[in-house]
Amino acid sequence: MAIQRTFSIIKPDATKRNLTGAVNAVIEKAGLRIVAQKRILMTRAQAETFYAVHAARPFFGELCDFMTSGPVVVQVLEGENAIATYRDVMGATNPANAAEGTIRKLFALSVGENTAHGSDAPETAALEIAQFFAGNEIVG
Ligand code: ATP
Ligand code: MG
């Protein structure tokens, strides 16, 4: 399996509850390396661009409101099969369906306030990383 990079966001529900370190501990325990990280307040335009694929969904407005409601921590994670590994570590979108020990089972409040984002494919990972990081901000 190849070393891969994925894009992660620790969402406002988690930063509000001071859970950045707790989420990072789960990430690192899973063997993923945090090779870039910064805490930002997303603008509305950034959130709408980031979630453009969901623009037609009924929850789009609520999703963009939430993602701009407080600080987020954007990250690049690196490791073997990082995209699928991180999706496993996050658990199901709805915490009610998430497996034991996953980030969303441990910390998420609801399907909307679900603590973490992780890219779903190599193409989206590359686009998402490029939206938030310059190449020289990522140090593997
Ligand atoms: P993410 O893209 O954040 O990693 P995901 O890939 O598991 O999550 P998506 O289907 O891409 O889930 O949905 C993107 C985000 O939109 C979810 O993480 C969640 O915050 C929000 N969302 C999804 N479904 C709903 C819903 N039914 N109601 C409210 N918010 C939702
Ligand atoms: Mg998604």
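**Exercise 1. State whether phenylalanine 50 and tyrosine 51 are buried or exposed, and describe the ring pairs of phenylalanine 50.**

Step 1. Phenylalanine 50 and tyrosine 51 are both buried (under 20% relative accessible area, with a 1.4 Å probe and protein chains only). The model is predicted: local features need pLDDT of at least 70, side-chain atom pairs need pLDDT 80 or more, and totals for chains, interfaces and linings use all residues. Residues are numbered from 1 along each chain as its sequence is written, ligands are numbered from 1 in the order in which they are written, and side-chain values use heavy atoms, without hydrogens and water.

Step 2. A search of the whole structure gives five aromatic pairs (Phe, Tyr or Trp rings, the six-membered one for Trp, with centres within 6.5 Å).

Step 3. One of them joins phenylalanine 50 to tyrosine 51, with 4.9 Å centre to centre and 85 degrees between the planes, and is edge-to-face (planes over 60 degrees apart).

Step 4. For phenylalanine 50 and phenylalanine 132 the centres are 6.0 Å apart and the planes stand at 65 degrees, so this pair is edge-to-face.

**Exercise 2. List polar contacts of ligand 1 and state how much of its area the protein buries.**

Step 1. Take pairs of N or O atoms within 3.5 Å as polar contacts.

Step 2. A polar side-chain atom of threonine 93 is 2.4 Å from an oxygen atom of ligand 1. For a polar side-chain atom of asparagine 114, the distance to an oxygen atom of ligand 1 is 2.9 Å. Valine 111 places a backbone N or O atom 3.4 Å from an oxygen atom of ligand 1.

Step 3. Ligand 1 taken alone exposes 570 Å², of which the protein buries 80% (Shrake-Rupley method, 1.4 Å probe).

Definitions and conventions. A polar contact is a pair of N or O atoms within 3.5 Å; within protein, one must be able to donate a hydrogen and the other to accept it, and residues adjacent in sequence count only if both atoms are side-chain atoms. Rings of Phe, Tyr and Trp (its six-membered ring) pair if their centres lie within 6.5 Å; planes under 30 degrees apart count as stacked, over 60 as edge-to-face and the rest as tilted. Buried means under 20% relative accessible area, exposed over 50%, partly exposed in between (1.4 Å probe, protein chains only).
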